[in-house]
Each structure stands twice: as C-alpha cells, then as structure tokens.
Amino acid sequence: MEYSNAAFSHRLKTTRNKSSLSQEELAAKSGVAVESIVLVESGSKTPNLDTAYALAVALGCGIDDLAGLPLPDERG
C-alpha cells in the first residue's frame, strides 16, 4: 500500500477525535507542538518518523494505522 499524506492527515484527525483529544491535549501527550499537529492534520506538513511515532504512541495505535493501512473498523 502506498503512503498518502492526505490519508495520514485524515487518519490522524479521525483517531484523535475517536480518542476524545483536542489538538492541545494530543500535543501535551505526545510532545509534538500543537502547531505541527495543526499542519499535519491540514495536510500542509508531512511528519517525520519521530513525529509520526510520537503521535501514534500518544494515540495508542501504530504508525501503520496512521499511514494508510485500514483502521480496525474499516477492515473487512
């Protein structure tokens, strides 16, 4: 499966919302600046591996979940 920045952005926002976290709360939990989260969620910035890992850990998922593999509720 090919990486898509748009898919990462969408999945990050979807997963954050399902976790009932604001961007500010995710920033505090992950150590990633809120400004970076805003840019990644809008698709304006591609996260580096360290940022993607920190966000995934804070959300309790894997980088692969955020990078475009189907989320559990999307798997058939």
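Q: Is the crossing of helix 1 and helix 4 left-handed or right-handed?
A: This is a predicted model, in which local features need pLDDT of at least 70, side-chain atom pairs count only at pLDDT 80 or more, and totals for chains, interfaces and linings use all residues. Residues are numbered from 1 along each chain as its sequence is written, and side-chain values use heavy atoms, with hydrogens and water left out. A crossing is left-handed if the near helix is turned anticlockwise from the far one by less than a right angle, and right-handed if clockwise. For helix 1 and helix 4 the crossing is left-handed.

Q: Are helix 1 and helix 4 roughly parallel or roughly antiparallel?
A: The axes of helix 1 (residues 5–18) and helix 4 (residues 49–59) come within 10 Å and cross at roughly 25°. Axes are lines fitted to C-alpha atoms, for helices over the stretch in contact, with angles from 0 to 180 degrees between N-to-C directions. Angles under 35 degrees count as roughly parallel and over 145 as roughly antiparallel. Helix 1 and helix 4 are therefore roughly parallel.

Q: Which residues of helix 4 make the contact with helix 1?
A: Contact means heavy atoms within 4.5 Å. Helix 1 brings Phe8, Leu12, Thr15 and Arg16, and helix 4 brings Ala52, Leu55 and Leu59.

Q: How many helices are in the protein?
A: Helices (H or I, at least four residues) and strands (E, at least two) are DSSP runs, numbered from the N terminus. The pattern along the sequence is α-α-α-α-α. The protein has 0 strands, and its helices number 5.

Q: What percentage of the 76 residues is buried?
A: Buried means under 20% relative accessible area, computed with a 1.4 Å probe and protein chains only. Of the 76 residues in the protein, the buried ones make up 37%.

Conventions:
Buried means under 20% relative accessible area, exposed over 50%, partly exposed in between (1.4 Å probe, protein chains only). Angles under 35 degrees count as roughly parallel, over 145 as roughly antiparallel, 65 to 115 as roughly perpendicular and the rest as oblique.
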